[in-house]
Structure formats: structure tokens, C-alpha cells
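Subject: Structure handover and notes

Dear colleague,

Here is the structure I promised to pass on, with the sequence alongside. Please open both before reading the notes that follow.

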Amino acid sequence: MRFWDSSALLPLFAEEASRERLLQLLDEDAEVLTWWATPVEIASALARGERESLLSADQVTDTLRLLRSIAESWHEILPSDGVRRTAERLLRTHPLRAADALQLAAALVAADHDPATLALVSLDARLCAAARREGFAVLGA
């Protein structure tokens, strides 16, 4: 099982250059572990694409329907005091945005604060750098 952040999951629903590599990672290990708010982050990116006329309303609706269906099989790290406290520490340690700090905190909680036991899949350069500094093996970027 690997921890997938939203930047790595979004290309699975769109035609992007990184899609094939991410599908290969998913084929190697189909169990997805992710943060509870990841579907919201993906929905936000899709809505931004619609607002910027990169995606049609029908494309966004269809993709959100597919996302909801697939996300039912994901394992999610739920919000908790431990995730929040860890995210607060990460914000003081790394140049992360709040959402990325929550993603990384969820991964740390999932790994029982032993990042060597869990690989993290992300395409976000800032999150990848912080994850590496925390001790995760980072895939995707």
C-alpha cells in the first residue's frame, strides 16, 4: 500500500503526461491510501479547470461521478487531533501550504510516524521535498 496525494491521483482522471507512469504505479499496488480531504482537492482542481474553460461542465460532472465511485475503494486517513498537531509541526518545519501539510501529516499518521514503512506518491515538488526530508520514499515526481 502507498499513500497517494491529490496531485498524483488527479492525472488518473485526466489525459496528462504523467498518467501512464501513475497508472503503472497503481498496477503494481492497487491499494490507495489517502487523506480524507483528497476528493475535495481533486474536485477543486476540476472546478478550476471548468472555470478556466479547460474542461466542460459535462466533463467535470462525469469525472466527479467516476471519482466518487473509485474513491469508495480507497483507504482514508480521517481527521484527528494527531493529524492536526502533526500538520502544525510540518508548517513550521517545511515551506508547505496548509492542505499539503495535512496530506503529509496524514501520511505520517498512516505510517505510525515511521515514514520508512510507507511510500508516498505525489507530483507536487514542494510536498515531495518535505516528504523526503521526513524520511519517505517518494514516487511519481
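In what follows, a residue is called buried when its relative accessible area is under 20%, exposed when it is over 50%, and partly exposed in between, using a 1.4 Å probe and protein chains only. Please bear in mind that this is a predicted model, in which local features need pLDDT of at least 70 and side-chain atom pairs count only at pLDDT 80 or more, while totals for chains, interfaces and linings use all residues. Residues are numbered from 1 along each chain as its sequence is written, and side-chain values use heavy atoms, with hydrogens and water left out.

I begin with Trp-4, which counts as buried because its relative accessibility is 0%. Trp-4 belongs to strand β1, residues 2-4; strands (E, at least two residues) and helices (H or I, at least four) are DSSP runs numbered from the N terminus. Taking contact to mean heavy atoms within 4.5 Å, and not counting residues up to four places away in sequence, Trp-4 touches a set of residues including Leu-9, Leu-26, Val-32, Gln-103 and Val-121. Glu-28, by comparison, lies 24 residues from Trp-4 along the chain, and the C-alpha atoms of the two are separated by 14 Å.

A nonpolar core here is a set of buried Ala, Val, Leu, Ile, Met, Phe, Trp, Tyr and Cys residues joined through side-chain atoms within 4.5 Å. The largest such core has 24 residues, and those with the most contacts inside it are Phe-3, Leu-90, Leu-96, Leu-104, Leu-120 and Phe-136. At least two residues of this core come from each of β2 (32-35), α5 (81-93), α6 and α7 (125-134), and the largest share, 6 residues, is supplied by α6. A second, separate core of 19 residues includes Trp-4, Leu-9, Leu-26 and Val-121. Leaving aside neighbours within four places in sequence, Phe-136 is in contact with several residues, among them Leu-104, Leu-108, Pro-115, Leu-120 and Ala-131.

Helix α6 deserves a paragraph to itself. Buried residues in α6 include Asp-100, Gln-103, Leu-104 and Leu-108. These four residues meet Leu-127, Ala-130, Ala-131 and Glu-134 in α7. With axes taken as lines fitted to C-alpha atoms, for helices over the stretch in contact, and angles running from 0 to 180 degrees between N-to-C directions, α6 and α7 pack at an angle of about 30° with their axes 10 Å apart.

Thr-86, in helix α5, is buried, with a relative accessible area of 8%. Thr-86 touches Ala-105, Leu-108, Val-109 and His-113, residues up to four places away in sequence not being counted.

Lastly, some backbone angles. Most residues other than glycine have a negative phi. His-113, in the loop between α6 and β4 (119-121), has a positive phi near 60° and is partly exposed, with a relative accessible area of 47%. Ser-53, in the loop between α3 (38-51) and α4 (57-71), also has a positive phi near 60°, and Ser-53 is exposed at 66% relative accessible area.

With best wishes
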